[in-house]
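Please open the model in a viewer and keep the selection tool at hand.

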Amino acid sequence: MTNISSKLVCILILCAVLFGACNNNKSGAENSKAILDTVSLSAKNYALAYQDGDKIVATSIDTMKQISFGGATDPAISPDGNKLAYTVNDSAGHRSIWIADMESKSQIQLLVNNTNYYQAVWSADGKAIAFNIFNKKNLWKIGVIKSDNSGYVMLDSASALNVYAPTWKNEMEIIGHDLANLYTFDISGKLIDSKPIVGLIGKDLSIASSNRFFYTKNGAKLIFNAGNTDALPGLTGPSEAVYVLDLASKKVARLSPKGLNVPYVFVTADDRIFYSGAEQPFTQSKIYVTDLNGNSKAVVDKGTNPTGALK
């Protein structure tokens, strides 16, 4: 993969296009909006999306072109690199997920009758999107919707479980956790597996609601980020790192280097591991890519929350 740095140049910046759409929620919230900074690009091979301050950047490694969105968070690039899902926060404090076509520049809001859903993640085949959603019982659940914006369902809607940080195990199964257990659901919402997290990763690592678990393509390993006991001078709060668990041997290995605080990790369906982290003085975060052996390299000099398309 060619390194991407802050020196990447937007080839054309012709206009700022403001997109607004009526909010489908019944809350009376103001219309949500996001700003697309660039004209559409004919080459759609975007490979990486990440957060840069208050905007999202999607970049094509092959063409070295960029497209950026202001007023949006939680970038999620589709596996084919053609679309981008993201979260919009409105002035009333509501969160909703939108999808942009990066060629036509069209933007649509996911058809979910809710005022608090965010952090989209695409299935490997690009046919569905999972996300966290806050239900009427004040519990976090997993929502799933088809990429054509139809067929929304809330998984496990009747139970008293909180489920955070959903990711796809495969096209038919989704995982999430409640800080204590790692759950696997099928796409109909049936709970098919539950494992105690401490039994997987041990007692020395800690999990927050934002930490995510990813199965490798063959299902043999789990990749995740977690809090640890590292003492990093100048860091406010606990340190985090990226780890891989071999499910057969039960061995946990660290993938990100010591001295780096890593609050975010994303794994593509072809097992490339992207993460964002900062080292002392912890004022600027870079984006890295690593393999399952911990061979890491920086690919973006300034950015957070990366997601990658398939090769």
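This is a predicted model: local features need pLDDT of at least 70, side-chain atom pairs count only at pLDDT 80 or more; totals for chains, interfaces and linings use all residues.

Two strands are said to pair if DSSP finds at least two bridges between them.

**The whole chain**

Display the entire protein first. There are one helix and 26 strands in the protein. Of its 311 residues, 50% are buried. The accessible surface comes to about 13,800 Å², and carbon and sulfur atoms account for 52% of that surface. Among the contacts with a separation of 6 or more, 40% join residues 24 or more positions apart.

Next, colour the chain by confidence. The average pLDDT of the protein is 86, and 84% of the residues score at least 70. Select residues 1-31, where the pLDDT is below 50; this stretch has 77 contacts in the model beyond near neighbours in sequence. Then select residues 35-44, where the pLDDT is also below 50 and where 41 such contacts are present.

Select residues 83-89, which form strand β7. Is this strand mostly covered or mostly uncovered? Strand β7 is mostly covered, with five of its seven residues buried.

One place to look is T73, whose bridge partner in β7 is T87. Five residues lie between the strands in this hairpin, and G81 there takes a positive phi near 75°.

Y86 has W98 in β8 as its bridge partner. The hairpin of β7 and β8 has five residues between the strands, and G93 takes a positive phi near 90° in it.

**An open sheet of four strands**

Move on to strands β22, β23, β24 and β25, which form an open sheet in the order β22-β23-β24-β25, with antiparallel pairing. Which strands stand at the edges? They are β22 (260-267) and β25 (296-300); each has a single partner strand, so one side of each is left without a neighbour in the sheet. From one strand to the next, the twist averages 35°.

Within this sheet, select residues 286-290, strand β24, which pairs with β25 in the antiparallel sense over four bridges. V289 can be picked out here, standing opposite K297 in β25.

**Aromatic rings**

Finally, display the aromatic side chains. A search of the whole structure finds 10 aromatic pairs. One of them joins F134 and W140, a tilted pair at 4.8 Å centre to centre and 45° between the planes. F134 is partly exposed, with a relative accessible area of 26%, whereas W140 is buried at 15%.

Turn next to F214 and F266. Their ring centres are 5.8 Å apart and their planes stand at 75°, so the pair is edge-to-face. The pair links distant parts of the chain, since F214 belongs to strand β18 (residues 213-215) and F266 to strand β22, 52 residues apart. F214 is buried, with a relative accessible area of 4%. F266 also counts as buried, because its relative accessibility is 10% and the limit for a buried residue is under 20%.

For the last stop, select Y117, F131 and Y152, which ring pairs link into a cluster.

Terms used
Residues are numbered from 1 along each chain as its sequence is written. Side-chain values use heavy atoms; hydrogens and water are left out. Helices (H or I, at least four residues) and strands (E, at least two) are DSSP runs, numbered from the N terminus. Axes are lines fitted to C-alpha atoms, for helices over the stretch in contact, and angles run from 0 to 180 degrees between N-to-C directions. Buried means under 20% relative accessible area, exposed over 50%, partly exposed in between (1.4 Å probe, protein chains only). pLDDT is the predictor's confidence in each residue, from 0 to 100. Contact means heavy atoms within 4.5 Å. Accessible areas come from the Shrake-Rupley method with a 1.4 Å probe; for residues, only the protein chains shown count as cover. Rings of Phe, Tyr and Trp (its six-membered ring) pair if their centres lie within 6.5 Å; planes under 30 degrees apart count as stacked, over 60 as edge-to-face and the rest as tilted.
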